[in-house]
Amino acid sequence: TMSHAFDHEMRILTPEQQRIVDFLDGFSIETTPGAAAKVESYRVLLAAGTTVNVTFLTGSDFADTVKVVRRLKAEGMRPVPHIAARSVPSRGHLESWLDALADAGVDEVLLVGGGADRPLGPFDRAMQLLETGLFERHGIRRIGVAGHPEGSADFSDETAMQALADKNAYARQTGCEMFIITQFVFDARPVIEWDRRIREASNELPIHIGVPGLATIKTLLGHARACGIGPSMRVLTRQAKNLRRLMSVRTPDRLVTELAAYQAEDPACGISKVHFYPLGGLRRTAAWVYAVLDGSFHMNAAGGFDLDVAVD
């Protein structure tokens, strides 16, 4: 049994605390087939109906993703499988994967280009998957696409802006419910600047902002380097200079506080949800989020907040 309740207790919150709770409400979280094998029960860690994205990593078998999707569905969650364009061997494969997902009752997916250097088949980017028309045919009504607030080593900013324009056009033409889910970041500023920049370029897709879960600075640095995180990584490298702190667990409270303030204060803010990457394990991050949703936290002098309860 859990130490905290999934349903919120009644607490009197300050407006600033309430903004944070509102910002995190309806969060989604990520799992990998590898991590899923270590989770005894998602039901114990997450409230029923929580959206859980299931990765499909380069070189892995899509059947593993489908297996986790079925399990999550059985445990009362809302699974959203990733499909990586560069890892799809053929149109026929894509069709059979979508058959399997439809059979599992999935109506939402996340499309990414994928990290493979060379495409396995005919697809090089997410847009080409959309153009097959297979998603609508398989009853997929909601589609997430990747966003990179700090750019990417894999493509230029112009390419990213063009891809975003294409996806906006696709959403308008098909009526598909489309959203952007971003890479994780450590600092609010580049996110806010990026949101404003893509809004000026007519982006209308809601943004689910990627937030790193609770993990040691060492673990976070490793993931940040592997994922090519941009300038916001400086926040970490500054902290990592103090070697004693390398093994201390970092929480995303300040990032969440600043983004919640931005969402509350700017009516044109494009951020609609938070997506957690539980880089230090699902249990720890989920426990932290539910403590915040319960209002068990107080604001601190460092521009963030601290929990009133211990999460392990």
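The paragraphs below walk through this predicted model, from its barrel to its salt bridges and then to one of its pockets.

Residues are numbered from 1 along each chain as its sequence is written. Because the model is predicted, local features need pLDDT of at least 70 and side-chain atom pairs count only at pLDDT 80 or more, while totals for chains, interfaces and linings use all residues, and side-chain values use heavy atoms, with hydrogens and water left out.

Eight strands form a closed barrel in the order 1-2-3-4-5-6-7-10, with parallel pairing, and the twist from one strand to the next averages 30°. Helices (H or I, at least four residues) and strands (E, at least two) are DSSP runs numbered from the N terminus, and two strands pair if DSSP finds at least two bridges between them. Strand 2 (residues 51-54) and strand 3 (residues 78-84), for instance, pair in the parallel sense over four bridges, and Val54 has Pro81 of strand 3 as its bridge partner. Helix 4 (residues 62-74) packs on the sheet, where it touches strand 1 (28-31), strand 2 and strand 3, contact meaning heavy atoms within 4.5 Å. The direction of helix 4 makes about 170° with that of strand 3, given that axes are lines fitted to C-alpha atoms, for helices over the stretch in contact, and that angles run from 0 to 180 degrees between N-to-C directions.

Side chains of opposite charge can pair when their charged atoms come close. The structure holds 14 salt bridges, each defined as a side-chain nitrogen of Lys or Arg within 4 Å of a carboxyl oxygen of Asp or Glu. One of them joins the side chains of Arg142 and Glu177, at 2.5 Å from N to O. Arg142 lies in strand 5 (residues 142-147) and Glu177 in strand 6 (residues 177-184), so this pair ties together parts that are 35 residues apart in sequence. Glu177 is partly exposed, with a relative accessible area of 45%, where buried means under 20%, exposed over 50% and partly exposed in between (1.4 Å probe, protein chains only).

Asp266 is buried, at 15% relative accessible area, whereas Arg196 is partly exposed at 39% and Arg199 is partly exposed at 26%.

The last stop is the second largest pocket. It is lined by 22 residues, of which Val235, Gln239, Arg250, Arg254 and Ala302 lie nearest its centre. Helix 11 (234-240), strand 9 (249-250) and helix 12 each supply at least two residues of this lining, and helix 12 gives the most, with four residues. Such a pocket is found on a 1 Å grid over the protein atoms alone, as an open set of points where a 1.4 Å probe fits, with protein on both sides within 12 Å along at least five of seven lines, and lining residues have an atom within 4 Å of a point.

Helix 12 also holds Asp253, which counts as buried at 10% relative accessibility. Not counting residues up to four places away in sequence, Asp253 touches Trp288, Asn300, Gly304 and Phe305.
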